[in-house]
Amino acid sequence: MAPLFPAFDTLQKTFGSSPSPNPANSRTPLEARLELYPAYSIADDAKSKAKKLSEEASREFNAASKKAQSKAGNIELYSGKYYAACTFGGLMACGLTHTAVTPLDLVKTRRQIDSKLYSGNFQAWRHILRTDGFRGIFVGWSPTLVGYSAQGAFKYGWYEYFKKTYADIAGPEAAHKYKTALYLSASASAEFLADIALCPFEAIKVRMQGTIPSQYSGTLNGLSTITAAEGVGGLYKGLYPLWGRQIPYTMMKFASFETIVEMIYARLPGQKSDYSKGAQTGVAFAGGYLAGILCAIVSHPADVMVSKLNAYRKAGEGFGAVTSRIYKDIGFRGLWNGLPVRIVMIGTLTGLQWMIYDSFKIFMGLPTTGGAAPPEDDQHS
């Protein structure tokens, strides 16, 4: 009579896994005989391979980090090299992440301009893929990459500079006591400058995404077309509402991130320095994601206005006149069109930005952002 279950050799050949060695004298009375269940070790094999890959990636990262640090030399905190490293880290953090979420931004922008254009985000992507192909869902990626790389460089670099400068002006005790005000003022100052770099590319992006088919073939074509028809001022039509959107957004982004990260470390055992580099970047992502949700809510009405303004502002029309005209058309409720998708987009975006930024700081041998201990005087008082 044939056996009810397949033989051990058959199972081993089928699943390609060898039994785990387990001497009989070390097995507890209730322990299963793993050699009879080789299929169950597949998950263990996968975990082992993943662990090896992680260790290999960590070794490669550390080797590349040491090489970069040796080339850059010793980077002192708050030196010119330090601010240059923060600037480059911000460039990567914002440029890469904003470009990656171009499909989300495309649908958000079009729904803000015309709320009746699509019935939902997935319907929008299906329609765009069907009519314009995969390339269609990345309309506006080039001005996004250039503009937000420049904005990120200015934002993070100047934030680190203003945070240190304002702290020195206030003094150690006042800087710690009023640290939230310090974060808010430093981030507002940094974003004011960053938006001047971003504004021309934001105008091109919104016009490319808001018209079907897109009126520009790319960033350079958009720059030349707008300046030829409207002058350089045409690139800065949306500067005031951009400030209105981005400055509150960035103030919330930096102040809430610093506060959330500090709260996370305060509730974890030990000090921030006790945790590994991977754990610190994980905290950066979590703090950034939570901060991003708050950012999206605070800045969304101004984001809608920027999209409408760049699409509908007439030549020579004043800022106040076009703003009141748009508000009359859409009303208060219209200012919140596209908020759910923007919460997902900005939450993910902000979490990834802080993770990339702090990963780059670790790569260059610098401490991560947030979670610093209070001054010694405060600790012993």
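How many cavities of 30 Å³ or more does a search of the whole structure find? The search finds one.

1. Confidence. This is a predicted model, and its average pLDDT is 84. A score of at least 70 is reached by 84% of the residues. Helix α6, residues 141-170, has the highest confidence, with a mean of 96. Helix α14, residues 376-380, has the lowest, with a mean of 43.

2. Over residues 373-381 the pLDDT stays under 50. For this stretch the model has seven contacts beyond four places in sequence. Please keep the score in mind when looking at this part of the picture.

3. The cavity. The volume of the largest cavity is about 200 Å³. Its lining consists of 22 residues, and those nearest the centre are H98, Y148, R245, M345 and I346. Several helices contribute to the lining: α4 (102-113), α6, α8 (179-210), α10 (239-267), α11 (277-312) and α13 (339-363) each supply at least two residues. Sorted by class, the lining has nine charged, seven polar and six nonpolar residues.

4. Aromatic pairs. The count of aromatic pairs comes to 23. One of them joins F88 and F360, with 5.5 Å from centre to centre and 50 degrees between the planes, which makes it a tilted pair. F88 belongs to helix α3 (residues 80-100) and F360 to helix α13, so the pair ties together parts that lie 272 residues apart in sequence.

5. A second pair. F332 and W336 form an edge-to-face pair, with centres 6.1 Å apart and planes at 65 degrees. Here F332 counts as exposed, because its relative accessibility is 54% and the cut-off for exposed is over 50%. W336, at 29%, counts as partly exposed.

6. A64 lies in helix α2, residues 41-72, and counts as partly exposed at 34% relative accessibility. The C-alpha atoms of A64 and F363 are separated by 8.0 Å, although the two residues are 299 apart along the chain.

7. A residue to look up: is Q151 buried or exposed? Q151 lies in helix α6. With a relative accessible area of 0%, Q151 is buried, because buried means under 20%. Apart from neighbours within four places in sequence, Q151 is in contact with C94, E191, A194, D195, L198 and Q246.

Key: Residues numbered from 1 in each chain as written. Predicted model: local features only at pLDDT ≥ 70, side-chain atom pairs only at ≥ 80, totals over all residues. Heavy atoms only, no water. pLDDT = per-residue confidence, 0-100. Helix = DSSP H or I, 4+ residues; strand = E, 2+ residues; numbered from the N terminus. Contact = heavy atoms within 4.5 Å. 1 Å grid on protein atoms, 1.4 Å probe; cavity = no way out; pocket = protein on both sides within 12 Å on 5 of 7 lines; lining within 4 Å. Points joined across faces, edges and corners; volume = space filled by probe spheres on them. Nonpolar A, V, L, I, M, F, W, Y, C, P; charged D, E, K, R; others polar. Phe/Tyr/Trp six-rings, centres within 6.5 Å; stacked < 30°, edge-to-face > 60°. Buried < 20%, exposed > 50% of the residue type's maximum accessible area, 1.4 Å probe, protein only.
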